[in-house]
Amino acid sequence: MTDVLTPPSAQLTEHQLVPAAPAAAAELKAVLDRQRADFSAAGPPSLLRRRKDLRKLEDLVLRNRVPLAEALREDFGHRSRTETEIAEIVGSAHSLRYARRHVGIWMLPRLRGTSIWFLPGSNRVVAQPKGVIGIVAPWNYPVHLTMAPLAAALAAGNRAMVKMSEFTPNTTALLTRLLGEAFPVEQVYVTGGDADVAREFCSLPLDHLLFTGSTQNGRAVMRAAAENLTPVTLELGGKSPVVVDERYSIEEAAQRIVWGKLFNAGQTCVAPDYVLVPAGTEDRFVRAATAAARSLYPTLTSNEDATAIINSGHYERLRSLIEDARAQGASVTVAEHGDTGQDIGDPATRKLPLHVVTGVSDSMRLAREEIFGPVLPVVGYRKLDEAIGYINDRPRPLAMYLFTHSGRRKRALLQRTTSGGVTVNDTLLHYLQDGLPFGGSGESGMGSYHGREGFKTFSHHKAVFTQRGALGFTGTKLLYPPYGRVASLLLRLMRRI
């Protein structure tokens, strides 16, 4: 498992955990036992308590936006301060604020219809906390992908254990300290550590486990959780396609696609992975895409707006994807920036310019693997059915993007393809909607969260039937033994109505 975190102290205190040494299995189990015991003793928190906790988290993020941005910058080598503000700070604050403002409605019991045969009884569904929620956060957006699940977990009244990535040690250490100061360990616990810690974490008998990361690691997480029958929500990745309609402006589409592709240097689980354009427009799209990249980032290496690839391992992986495609006959066009020219990138800063690839074949690694960086394959299609077939021949993606003004074509693409979510005529933006569920399908994940769906995911929905027979009499007593003619008559009616 690659998406893991930095360590907590071996010494648990009542109010604070400071990263020091990797959490041992015994420590993780001890924290789980403490949270579960405290949850059992205290019971579900009140609406007021939940709102206060969500407000506390929101204030924590906003108050510490500068040190969080600095920690992320250290972890990435360079992280755009504005992108951090958009995705990590404002995104987290909005998720927490949305949950705080709506949790009162989410907590209300839901009335359900009652069969005529069981009147005057009534049915309702009551949401109650599951207990202790495990959250495994990835390295690409470590603040938001910790805070958004925490918003859902605390809104639903749970306790939470969070495992952050070893690739972002500075951010992990800072969030561990901040959350340790804000919440007792019985309520919120954060740890880091390597793959061994991650395996131990996912093997805990949690009440629910949410994992965000790669599909390969998602399989390992699910196997570990299965030993304890722990329910899981998997937010994975995959190759998110873009379809550009023949009547949509290539230049307009290219600008919006390139923005989504280069945000956070393409290190986004819902980033556009490849583009399907009408056959014959491939070269035009390449020109438009590289022009858009130059417009968005006039320089690259020295540009404060341009984020670096997280580490040298991922940087070299992207270079190898490009070289593999070149070796198999693909045409690679590199966006020229003021300080890069035709360079493939700068290993010292790990900043990689946009590489647009045409002549793509299925044997190339970039056609099979999730890219997670500024490399954009472009494939031509002749008819819409061909584009739909190309998408459906591959594992279901986490996101899909459509650029069309045709209602008929939009309906065809939405109805005949399956993906976790869709943005029409733009990229990434469906993820930022707190009122929409976020989740994958098939190899891109299972389950969903964000907003109300997050509350539902981390709640147990208890079915409650209340018998209201007057003076102790209910209609069901007519079906009590000893059975006779009345029971036979009622059964005959029940078969018909």
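Is S441 buried or exposed? With a relative accessibility of 15%, S441 counts as buried, where buried means under 20% relative accessible area, exposed over 50% and partly exposed in between, for a 1.4 Å probe and protein chains only. The model is predicted, so to speak of local features a pLDDT of at least 70 is needed, side-chain atom pairs count only at pLDDT 80 or more, and totals for chains, interfaces and linings use all residues. Residues are numbered from 1 along each chain as its sequence is written, and side-chain values use heavy atoms, with hydrogens and water left out.

The overall picture comes next. The chain has 16 helices and 16 strands; these are DSSP runs numbered from the N terminus, with helices being H or I of at least four residues and strands E of at least two. For 497 residues, a compact globule would have a radius of gyration near 23 Å, and the 26 Å of the chain agrees with this; the radius is taken over C-alpha atoms, and the globule rule is 2.2 Å times the number of residues to the power 0.38. Along its principal axes, the C-alpha trace spans about 90 × 60 × 35 Å. Of the 497 residues, 53% count as buried. Among contacts (heavy atoms within 4.5 Å) with a separation of 6 or more, 75% come from residues 24 or more positions apart.

The interior can be described through its nonpolar cores, each a set of buried Ala, Val, Leu, Ile, Met, Phe, Trp, Tyr and Cys residues joined through side-chain atoms within 4.5 Å. The largest has 80 residues, of which M147, L150, V244, I257, V270, F285 and L354 touch the most other members. Helix 5 (residues 144-155) gives the most to this core, with nine residues. Leaving aside neighbours within four places in sequence, L150 is in contact with L57, I135, A160, V162, L179 and V188. Apart from this core lies another, of 20 residues, including L28, L204, A224 and L234.

V188 also belongs to strand 5 (residues 188-191), from which V188 and V190 point one way and Y189 and T191 the other, all of them buried. Strand 5 pairs with strand 4 (residues 159-163) in the parallel sense over four bridges, pairing being assigned if DSSP finds at least two bridges between two strands. Within this pair, M161 has Y189 as its bridge partner. The chain passes from strand 4 through helix 6 (residues 169-182) to strand 5 in a right-handed β-α-β crossover; right-handed here says that, with the strands pointing away from the viewer, the path from the first strand over the helix to the second runs clockwise.

The loop between strand 14 (421-424) and strand 15 (445-446) brings the text back to S441, which is placed there. S441 is in contact with R396 and T418, neighbours within four places aside, and a polar contact of 3.3 Å joins the side chains of S441 and R396. Such a contact is a pair of N or O atoms within 3.5 Å; within protein, one must be able to donate a hydrogen and the other to accept it, and residues adjacent in sequence count only if both atoms are side-chain atoms. H430 lies in this loop too and is buried at 10% relative accessibility.
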